[in-house]
Each structure stands twice: as C-alpha cells, then as structure tokens.
Amino acid sequence: MEKPKPKKRLLRRLVLILLVLIVLGLTTPFIVTGIVTSGKLQSIDEAEPHDVAIVFGAGLYGDQPTPYLQGRLEVARDLFFAGKVRVILVSGDNLTDEHNEPAVMKAWLIDNGIPANKIVSDYAGIDTYSTCVRAKEIFGVTSAILVSQTYHLPRAVTTCQLVGVDVVGVGDETVRYISNSWKKYSAREIPATINMAYEVLIHRRTILGDYESGVDDALNS
C-alpha cells in the first residue's frame, strides 16, 4: 500500500489543526461562561444586597415596555423593595427620539413605587457589552445585581465579570409562559455568546464620555 506523500500528510495535519482550532474557538466561550457564572445566577431571596441593580433594555411597544422588559422591571422593583438594592440603573437604547428605552423604564418604575431619585438612566446601553462597559467606565459601578431574562443572564454576567464589574444575576421567567419567542431568543444566545468572547477579547469600542455622578448621587440621596 502506497504511503501518503509528504505534501498530502502536511495538508491533512493542517486541516486537522484548523478543525481543532475552530472547535476550540466555538466551545471555549461556553466553557468560560459556565465557569464564570457558577454560583452567580440567583433568586431574589438568595442574592446578597448590592448597592446597584442594572436592568438591560428589551424593546418597547410605543411608549410601553415589551413583556420581556416589563418582566425585568418587575424583578428590579422586587429587589428594591426586598432591600437587596439601593439604586436601579436602567440601561437601554435611545438612538432616536421615538425610541427611548431608559425613559420608559424609569417611568414604569416610578409608576410602580420606586422613588425617582433612586433611578439612574444610561441612554447608550445599546447592547449587553455596552451596558457592562458603561456601567463601570461612565457610572463607576464595580459591583451589581444584573436583571434580565434567565436565558440572557449567563452571557450578561460573563460580560460584566470580564470587563471588571463583579456581578450576580437575578432572572425573570414569567415571559416563558406567555411568549412564543422565548425559544428563539434562547437559541440566539449561542451565536451571541461566541460574539461576546470576541468583543471582550478585542476590547470592542463603545460609546463613552465623561464620568456621570448619577449613581453616586442616588446612593447619597
């Protein structure tokens, strides 16, 4: 039996190495996420008190929160009244005058009993990475409880941890039983988690600016 020629053997090795690198590139983000989030996904009762809760935006219906966003806001409200947090940082998209997630989030919280001076708005939290980076760099947050749906929390917690914000996550699952999109959004976390690793690795630039004292002021008020 004729042995493979040296060039063919080299090509096979290169292909094998490439396949191994691809597999590692695709699986490593999930391994890291599993390690980072171990013990950090909690219930309201389990969570230790923190100064700040960070609520991620999740879309609007006109001037009202979507069911996903309302679920997150309800968790933040419950954390506040349970004495688990002192300030709520609402972070969302305000790229147009007609779409102002933080304003709607703040209005909902005020309508549901949260004092206005305990709510701080981040108007450039256009995605999970931006929210985490801006929480640290713009608002000086180094420790927080993250609030989102449970399928999103592993990526959110990992992102914040890797950019220097020590966090735990408290999740909402109420929408799971009323929305046909839950499975779709859960599946979307697979490519999003891979992308998260890339964003953190390259220190992706996001919208920054001068330091804002809103969180400090709210804590001192």
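**Overall layout.** I counted 7 helices and 8 strands in the protein chain, where helices (H or I, at least four residues) and strands (E, at least two) are DSSP runs numbered from the N terminus. This is a predicted model, in which local features need pLDDT of at least 70 and side-chain atom pairs count only at pLDDT 80 or more, while totals for chains, interfaces and linings use all residues. Residues are numbered from 1 along each chain as its sequence is written, and side-chain values use heavy atoms, with hydrogens and water left out.

I then looked up burial: of the 221 residues in the protein chain, 43% are buried. Buried means under 20% relative accessible area, exposed means over 50%, and partly exposed is in between (1.4 Å probe, protein chains only). For contacts (heavy atoms within 4.5 Å), I took residues at least 6 apart in sequence, and 73% of those contacts join residues at least 24 apart.

**The cores.** Which residues touch the most other members of the largest nonpolar core? They are Ile54, Val141 and Leu146, in a core of 27 residues. A nonpolar core here is a set of buried Ala, Val, Leu, Ile, Met, Phe, Trp, Tyr and Cys residues joined through side-chain atoms within 4.5 Å. Two or more residues each come from strands E2 (52-56), E5 (87-91) and E7 (143-149), and from helices H4 (128-137), H5 (153-162), H6 (182-202) and H7 (214-220). I also found another core, lying apart from this one, with 23 residues that include Val55, Leu79, Ile119 and Val168. As background, nonpolar side chains tend to be buried together in soluble globular proteins.

Setting aside neighbours within four places in sequence, Val141 contacts Ile54, Ala135, Lys136, Val165 and Val215.

**H2 against H3.** Helix H2 (residues 67-81) and helix H3 (residues 101-111) pack with axes 10 Å apart, at an angle of about 50 degrees. The axes are lines fitted to C-alpha atoms, for helices over the stretch in contact, and angles run from 0 to 180 degrees between N-to-C directions. H2 and H3 are therefore oblique to each other; angles under 35 degrees count as roughly parallel, over 145 as roughly antiparallel, 65 to 115 as roughly perpendicular and the rest as oblique. The H2 and H3 crossing is right-handed, a crossing being right-handed if the near helix is turned clockwise from the far one by less than a right angle, and left-handed if anticlockwise.

I listed the side facing H3 as Leu69, Gln70, Leu73, Glu74 and Arg77 of H2, which meet Met105, Trp108 and Leu109 of H3. By class, that contact has 5 nonpolar, 1 polar and 2 charged residues. Ala, Val, Leu, Ile, Met, Phe, Trp, Tyr, Cys and Pro count as nonpolar, Asp, Glu, Lys and Arg as charged, and the others, Gly among them, as polar.

Is H5 enclosed or open? I found 7 of its 10 residues buried, so H5 is largely enclosed by the rest of the structure. The buried ones are Leu153, Arg155, Ala156, Val157, Thr158, Thr159 and Cys160.

H4 packs on H5 at about 40 degrees, with axes 9 Å apart. That makes H4 oblique to H5. Thr128, Tyr129 and Cys132 of H4 make the contact with Arg155, Ala156, Thr159 and Cys160 of H5.

With H6, the axis of H5 comes within 10 Å and crosses at roughly 5 degrees. H5 is therefore roughly parallel to H6. Here Arg155, Thr158, Thr159 and Leu162 of H5 meet Glu189, Ala192, Thr193, Met196 and Val200 of H6. I sorted this contact into 4 nonpolar, 3 polar and 2 charged residues.

After H5 comes Gly164, with a positive phi near 105 degrees.

**Loops.** Last, I checked a few loop residues. His203 sits in the loop between H6 and H7 and has a positive phi, near 50 degrees, though not a glycine. Most residues other than glycine have a negative phi. His203 counts as exposed, at 63% relative accessibility.

Leu95, in the loop between E5 and H3, is exposed at 58%. Its C-alpha atom is 8.1 Å from that of Tyr123, 28 residues apart along the chain.
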